[in-house]
Amino acid sequence: SFLAPALLLVLTAQALHVAAKCPFHFGRARVDENVGAVLQAEPRRMLLTFDEAAVQKLDINAVKADLKALFVDSQESWPADFGHYGPLMIRMAWHCAGSYRLSDGRGGCDGARQRFDPERSWADNVNLDKARGLLWPIKQKYGDALSWGDLIILAGDTAIESMGGPILGFCAGRIDDADGAASLPLGPSLDQEMVAPCSVNGECEAPLGASTMSLIYVNPEGPLAVPDPELSAPQIREVFSRMAMNDSETVALIGGGHAFGKTHGACPTGPGPNPMQQPWNPWPGTCGEGPMKGKGNNTFTSGFEGPWTTNPIRWDNEYFVNLLKYDWKVYVGPGGHHQWEPVLKEDADPEDDLPDIIMLTTDVALLKDPIYLELVKLFAANQTALDIAFSHAWYKLVTRDMGPYSRCLGDQVPPPQPFQAPLPPPPAKIPDYKAVTKAITKALRVISPALPYDPVNGKPYYGALFATLAWQCASSFRQTDYTGGCNGARIRLAPQKDWPQNVAMDKVLKVLEPIKDSFPGLTYADLIVLAGNTALTDAKAKGMRFCGGRSDADSDEPPVTVTPQRVFNDKLVQLKDNAIVMGLTFREAVALKAMIRSPSQQQRLGYSGSWTDNPTRLSNEFFKVLLDNDWVNVTSAAGQLEMKAVGKEGVYMMPCDLAIKWDPVFAAIAQEFVTDSTAFYTAFASGWNKMMNADRFKGPAGNECK
Ligand code: HEM
């Protein structure tokens with residue numbers, strides 16, 4: 001047995017030797033496995049330099065003029081179809097923006113992560129490296145004033161405009177990411193497999209945005225490559241709704257987009273290796289021979305071949321007219337995939353010529369759904385209806401991930417759109433917040449007929465509830481698409497007021513109502529945040545900052561209504577992922593879990609009690625209790641899974657609390673908070689102040705409440 005330690009020593013020494021010799025190998029392993037944000041690293045969204053003043057001064061019309069000249073200047077390295085790069089640019093912009101998903105606000109062109117893996121190598125992004133390459137001289141010319149994100153979208157806009165299409169305007173201010181980390185959850189990656197696995201590729205479910213990994217939406221050939229338009233229609237509806245597109249927007253976008261350009265699949269052998277496999281010459285193309293191999297007429301992009309209309313560089317509704325005018329017959333195109341060709345309808349003049357056009361299974365699908373069919377008929381008959389529907393849907397497509405109107409820069413921003421959930425201006429006269437604070441402090445310990453409970457040592461105490469209300473109001477914020485937050489006080493309105501985690505919050509609002517009524521100009525949004533701050537300050541939190549001027553929404557708007565609030569739940573990965581989506585650091589997220597919480601409040605949520613019966617003091621005690629005790633799983637009377645401290649009466653925590661103990665990175669932070677209460681208070685205040693003000697935008701980069 002004495003050999004064992006010696007052997008261990010030798011093996012360890014060998015392992016260390018290998019590790020020392022192969023840092024590259026170890027470094028690579030991390031990257032290859034995408035051990036990224038969710039599993040290990042501090043959440044981050046690294047941004048390149050952003051110069052807001054320069055963006056404001058940018059002459060957008062000058063950029064557009066340069067783009068228009070570039071579109072018709074065909075290059076030998078990548079010749080333009082029909083002498084115009086416009087269609088390629090539209091596809092690039094659409095694929096940059098179309099990764100957006102409503103489920104967690106991820107994706108979209110803000111950040112321009114199409115330049116990085118994993119998005120860069122997606123099967124749907126074949127040859128978009130060429131499109132970005134064409135734009136490089138323009139990017140270089142305008143420097144920091146023009147981010148890649150803005151340039152890609154502006155190229156799409158300008159392409160539509162230059163071919164006669166309608167554009168609503170341009171919202172500038174996209175900030176480029178420094179890498180593709182924020183796209184890892186979109187997949188394919190280990191992060192995505194952990195947070196949102198897809199069991200059948202081709203039938204991936206939300207929160208994933210697409211039905212198929214590395215495609216933007218659906219398989220153009222039909223679900224799981226079966227060319228059945230009837231099966232394809234419901235899949236299109238499903239995935240477009242994951243981006244908050246309704247039927248009219250969906251049909252206008254597909255047919256409006258396919259008014260332009262063509263599909264590319266000159267031969268069946270494919271585009272060649274993607275950028276991840278061959279970064280030095282990705283997608284070289286395998287069709288044809290000689291200097292034109294892989295380009296021009298020999299291009300392989302998607303593997304389908306042909307245009308949708310007879311003039312693919314002119315905006316019109318011919319796509320819709322064509323869909324209705326012919327019957328469509330499936331065949332295998334030169335690229336080896338099923339596509340559809342026109343055949344004359346029975347009642348057509350047999351002398352009629354058949355145009356040299358095609359449709360994809362997803363295009364023919366628009367004829368197979370009764371609602372889509374009506375829209376196809378409308379757009380075929382009415383060009384103006386298409387112009388209006390397409391221009392609005394396109395603007396929403398490319399701007400949705402930018403968040404509220406106030407984040408848009410430049411002189412071509414159209415008026416606020418419904419998808420931006422515009423808020424009314426705040427009241428002109430701001431109340432005396434000091435006097436409001438005084439009133440709230442008093443209300444903390446005066447019994448309210450609206451909610452006569454929550455005693456501490458036999459006396460009324462509303463602090464934990466005020467803080468919870470503020471947290472529930474603010475924590476709907478997502479830094480991924482800058483939606484949610486307490487500005488607007490939408491927690492008063494359906495559907496947020498009915499979310500299970502907001503139980504009893506209407507009553508807490510009632511407790512505060514007399515204060516609201518006695519201060520003209522005081523909005524609910526400001527009152528809620530101030531009540532949370534005041535309660536925490538009363539509980540000895542340090543450094544709560546308040547900055548007023550919020551307004552109250554009249555009604556809830558789609559971006560918030562369709563997104564259920566993300567809550568910390570018992571899944572470790574989800575816990576971390578939520579922190580990332582909210583824009584909190586892990587330290588802040590861990591610190592915030594120690595929020596004051598009362599036994600009766602926990603009981604309202606269906607638990608047996610709290611970890612403390614004294615919610616009047618914010619401290620690092622929560623972490624001591626968490627780490628010092630052993631816990632057993634029990635089920636509360638209301639059926640909630642909870643954890644009870646072994647050998648203690650009435651000490652309960654929730655699964656999401658225990659997750660802090662189970663996760664090594666979170667546990668390390670909790671241990672530090674136990675031994676260093678200043679570190680705890682600092683992280684708590686930083687996280688709290690961040691969440692309370694996260695939705696106060698003044699331009700893309702700035703928070704007006706800094
Ligand atoms: C091209 C599929 C929606 C704009 C293509 C191609 C496919 C495709 C397979 C051929 C790519 C190639 O081989 O070069 C789909 C599917 C959609 C969809 C399945 C949704 C169901 C859209 C939307 C837009 C759009 C919403 C824009 C509003 C374009 C354009 C091209 C194109 C402009 C031509 C690119 C070129 O000429 O180089 N699409 N698309 N598509 N798509 Fe779509």
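Which residue is the only protein donor of the iron atom of the ligand? To find out, open the model, which is a predicted one, and follow the stops below.

**The iron atom**

Select His 258 together with the ligand. The NE2 atom of His 258 is the only protein donor of the iron atom, at 2.1 Å. In the chain, His 258 is placed in the loop between α10 and β1.

**The surroundings of the ligand**

Next, display the residues around the ligand, of which there are 24. Those that come nearest are Trp 94, His 258, Lys 262, His 264 and Ser 302. By type, the shell consists of 14 nonpolar, eight polar and two charged residues. The ligand itself sits in the largest cavity. Two or more residues of the shell are given by each of α5 (86–97), α10 (247–257) and β1 (262–263). Colour α5 separately, as this helix supplies the largest share of the shell, five residues.

**Oxygen atoms of the ligand**

Now select Lys 262, His 264 and Ser 302 in turn. At Lys 262, look at the backbone: one of its N or O atoms lies 3.0 Å from an oxygen atom of the ligand. At His 264, turn to the side chain, where an N or O atom is 2.6 Å from an oxygen atom of the ligand. At Ser 302, a polar side-chain atom is found 2.6 Å from an oxygen atom of the ligand.

Move to residues 631–635, strand β7, and residues 641–645, strand β8. In which sense do these two strands pair? The pairing is antiparallel and extends over five bridges.

**Two cis peptide bonds**

Select Gly 187 and Pro 188. The peptide bond from Gly 187 to Pro 188 is cis, and its omega is near -5°. Pro 188 belongs to the loop between α7 (148–162) and α8 (190–195). Then go to Ala 494 and Pro 495, where the peptide bond is also cis, with omega near 5°. The loop that holds Pro 495 runs between α16 (463–474) and α17 (505–518).

**A serine with positive phi**

Finally, select Ser 214, in the loop between α8 and α9 (229–241). Although Ser 214 is a residue other than glycine, its phi is positive, near 70°.

Note on methods:
Residues are numbered from 1 along each chain as its sequence is written. This is a predicted model: local features need pLDDT of at least 70, side-chain atom pairs count only at pLDDT 80 or more; totals for chains, interfaces and linings use all residues. Side-chain values use heavy atoms; hydrogens and water are left out. A residue is near a molecule or strand if one of its heavy atoms lies within 4 Å of it. A polar contact is a pair of N or O atoms within 3.5 Å; within protein, one must be able to donate a hydrogen and the other to accept it, and residues adjacent in sequence count only if both atoms are side-chain atoms. On a 1 Å grid over the protein atoms alone, a cavity is a set of points where a 1.4 Å probe fits but cannot get out, and a pocket is an open set with protein on both sides within 12 Å along at least five of seven lines; lining residues have an atom within 4 Å of a point. A molecule sits in a cavity or pocket if more than half of its atoms lie within 2 Å of its grid points. Helices (H or I, at least four residues) and strands (E, at least two) are DSSP runs, numbered from the N terminus. Ala, Val, Leu, Ile, Met, Phe, Trp, Tyr, Cys and Pro count as nonpolar, Asp, Glu, Lys and Arg as charged, and the others, Gly among them, as polar. Donors are N, O and S atoms within 2.8 Å of the metal (3.2 Å for Na, K and Ca); water is not among the atoms, so sites may look incomplete. Two strands pair if DSSP finds at least two bridges between them.
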